[in-house]
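Me: Please take a close look at one part of this protein, the nonpolar core and the charged pairs around it. I would like one connected account.

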Amino acid sequence: MAKVYVFDHPLIQHKLTYIREKQTGTKEFRELVDEVATLMAFEITRDMPLEEIEIDTPVSRTKSNVLSGKKIGIIPILRAGIGMVDGILKLIPAAKVGHIGLYRDPKTLKPVEYYVKLPSDVEERDFIVVDPMLATGGSAIEAINSLKTRGGKNIKFMCLIAAPEGVELLKEAHPDVDIYIAALDEKLNEKGYIVPGLGDAGDRLFGTK
């Protein structure tokens, strides 16, 4: 069954407070999301495999560890997920970035795929799917479906804020996908917004309404 990791690091929680604050402007909001994504990337990569090599220090020859070369892919769910990509790339600059675009059908209210662009070597990569919010879970579930149908196997999901309802539905739909979140909030309201949440992440990132 999927594991859920809630990050309680003081720096993440501090920055998340100002991300939630409604008076935080677009520029600062964007910078804070970028910073939290970097901090979360540090945690989500904790289990990356290492291999030992020999190197020469200025003093002597020694053995030391480097990443074993496992390929990473970052998949933001459009559009808000884009705001988390650069923060992750600061730590994993060699990662390739794909994109999955979804919109909500006004009649069924279910997510519909409209754009998918992935690295060519999907089957060889470990993927991190990112979106600032995990509310109903519909977009995350569908994005991971899209990735799996194209050969993706090792997948993690990362977001800033999640509602319990979305977490449970994602775990049920994809029990092999671990979930990494900065804060698990109280609930969804009748409009499907996370409470207390942070509002619409896309609008706040890009200054739209």
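**The core and its charged pairs**

Reply: UniProt, in an unreviewed entry, places the feature "domain: Phosphoribosyltransferase" at residues 6-208. The model is predicted. In it, the span 6-208 is 31% helix and 33% strand, and its end C-alpha atoms lie 29 Å apart.

The largest nonpolar core has 37 residues, of which I19, M40, I88, M158, L160 and I161 touch the most other members. The elements that each give two or more residues to this core include the helices α1 (10-20), α2 (26-44), α3 (85-89) and α6 (201-206). Helix α2 gives the largest share, eight residues.

Leaving aside neighbours within four places in sequence, M158 is in contact with A37, M40, A41, I44, M84, I88, I128, V129, V130, D131 and Y180. Another core, of 23 residues, lies apart from the largest one; among its members are A140, I141, F157 and V167.

Next come the charged pairs. The structure holds 15 salt bridges. One of them joins the side chains of K90 and D34, at 2.3 Å from N to O. K90 lies in the loop between α3 and β5 (96-97), while D34 is in helix α2, so this pair ties together parts that are 56 residues apart in sequence. K90 counts as exposed, at 54% relative accessibility, whereas D34 is buried, with a relative accessible area of 13%.

R46 forms a salt bridge with E43, with the closest N and O atoms 3.0 Å apart. R46 is exposed, at 58% relative accessibility, and E43 is partly exposed, at 23%.

The side chains of D121 and K71 also meet in a salt bridge, at 3.3 Å from N to O. Here D121 lies in the loop between β7 (111-117) and β8, and K71 in strand β4, so the pair ties together parts 50 residues apart in sequence. D121 is buried, with a relative accessible area of 12%, and K71 is partly exposed, with 34%. K71 and D121 belong to a network of salt bridges that also links E124 and R125.

V4 sits in strand β1 (residues 4-6) and is partly exposed, with a relative accessible area of 32%.

Methods. Residues are numbered from 1 along each chain as its sequence is written. This is a predicted model: local features need pLDDT of at least 70, side-chain atom pairs count only at pLDDT 80 or more; totals for chains, interfaces and linings use all residues. Side-chain values use heavy atoms; hydrogens and water are left out. A nonpolar core is a set of buried Ala, Val, Leu, Ile, Met, Phe, Trp, Tyr and Cys residues joined through side-chain atoms within 4.5 Å. Buried means under 20% relative accessible area, exposed over 50%, partly exposed in between (1.4 Å probe, protein chains only). Helices (H or I, at least four residues) and strands (E, at least two) are DSSP runs, numbered from the N terminus. Contact means heavy atoms within 4.5 Å. UniProt positions are given in the numbering used here, feature names are shortened, and annotations may be inferred rather than shown by experiment. A salt bridge is a side-chain nitrogen of Lys or Arg within 4 Å of a carboxyl oxygen of Asp or Glu.
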